[in-house]
Amino acid sequence: MAPENFHFFGTISGFKKQKNLQHQGDIAFIDRGNQQGIKPGDKLGIYRMTGYVSQPYTGEFLGNIVEKIGELRVTNDIEETVATAQIIYSKKAVVLGDMLLLLQ
């Protein structure tokens, strides 16, 4: 679960090949590059918000439900604000707008 003000590192902004399902082995474009410190070999987690949690009696928002979809690794093709990355693991299809977090 992530708080309402949680910020992800970036997003999936496109794919090298347009097809119905993007998954392990496919190449994605991410909206981060040299300006954001991206380096070849960096590993990023792919996440998707799937809902939210609220307090059942008051309705107070408690946080967003976030699911890890997979991981990708940045290739050598890095520009100022965009980079390419290969999906190295996915448990569901990766879609445009999926969110990213830099992994250690």
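The model is predicted; local features need pLDDT of at least 70, side-chain atom pairs count only at pLDDT 80 or more, and totals for chains, interfaces and linings use all residues. Residues are numbered from 1 along each chain as its sequence is written, and side-chain values use heavy atoms, with hydrogens and water left out. Six strands close into a barrel, with antiparallel pairing. The structure also holds eight salt bridges. Its largest nonpolar core has 16 residues.

**Barrel layout**

- The strand order around the barrel is S1-S2-S5-S4-S3-S6.
- From one strand to the next, the twist averages 50 degrees. Axes here are lines fitted to C-alpha atoms, for helices over the stretch in contact, and angles run from 0 to 180 degrees between N-to-C directions.
- Strands (E, at least two residues) and helices (H or I, at least four) are DSSP runs, numbered from the N terminus.
- Two strands count as paired if DSSP finds at least two bridges between them.

**Strand pairs**

- S1 and S2 are antiparallel, with three bridges. Ile12 stands opposite Ile30 in S2.
- S1 also runs antiparallel to S6 (residues 99-102), joined by two bridges. Thr11 has Met99 in S6 as its bridge partner.
- S2 (residues 27-30) pairs with S5 (residues 83-90) over four bridges, in the antiparallel sense. Thr84 in S5 stands opposite Phe29.
- S3 (residues 43-54) pairs with S4 (residues 61-78) over eleven bridges, again antiparallel. Gly45 has Glu71 in S4 as its bridge partner.
- S4 and S5 run antiparallel and are joined by six bridges. Glu71 is bridged to Tyr89 in S5.
- In a regular strand, side chains alternate between the two faces of the sheet.

**Hairpins**

- S3 and S4 form a hairpin with six residues between them. In its turn, Gly59 has a positive phi of about 80 degrees.
- Another hairpin joins S4 to S5 through four residues.

**Salt bridges**

- A salt bridge here is a side-chain nitrogen of Lys or Arg within 4 Å of a carboxyl oxygen of Asp or Glu.
- Buried means under 20% relative accessible area, exposed means over 50%, and partly exposed lies in between (1.4 Å probe, protein chains only).
- Asp26 bridges to Lys19, with the closest N and O atoms 2.9 Å apart. Asp26 is buried, with a relative accessible area of 14%. Lys19 is partly exposed, at 38%.
- Glu71 bridges to Lys68, with the closest N and O atoms 2.7 Å apart. Glu71 is buried, at 16% relative accessible area. Lys68 is partly exposed, at 28%.
- Lys43, Lys68 and Glu71 are linked in a network of salt bridges.
- Asp31 bridges to Arg32, with the closest N and O atoms 3.8 Å apart. Asp31 is partly exposed at 26% relative accessibility. Arg32 is partly exposed at 23%.

**Nonpolar core**

- A nonpolar core is a set of buried Ala, Val, Leu, Ile, Met, Phe, Trp, Tyr and Cys residues joined through side-chain atoms within 4.5 Å.
- In the largest core, Ile12, Ile30, Leu72, Val74, Val94 and Leu100 touch the most other members.
- Strand S1 (10-15), S2, S3, S4 and S5 are the elements that give two or more residues to this core.
- S4 supplies the largest share of the core, four residues.
- Contact means heavy atoms within 4.5 Å. Not counting residues up to four places away in sequence, Ile12 touches residues including Ala28, Phe29, Ile30 and Leu72. Val94, Val95, Leu96, Gly97, Asp98 and Leu100 are also among its contacts.

**Gly70**

- Gly70 lies in strand S4.
- Gly70 is buried, with a relative accessible area of 0%.
- Gly70 and Gly45 are 25 residues apart in sequence, yet 6.0 Å apart in space, C-alpha to C-alpha.
- Leaving aside neighbours within four places in sequence, Gly70 is in contact with Leu44, Gly45, Ile46, Tyr89 and Ser90.
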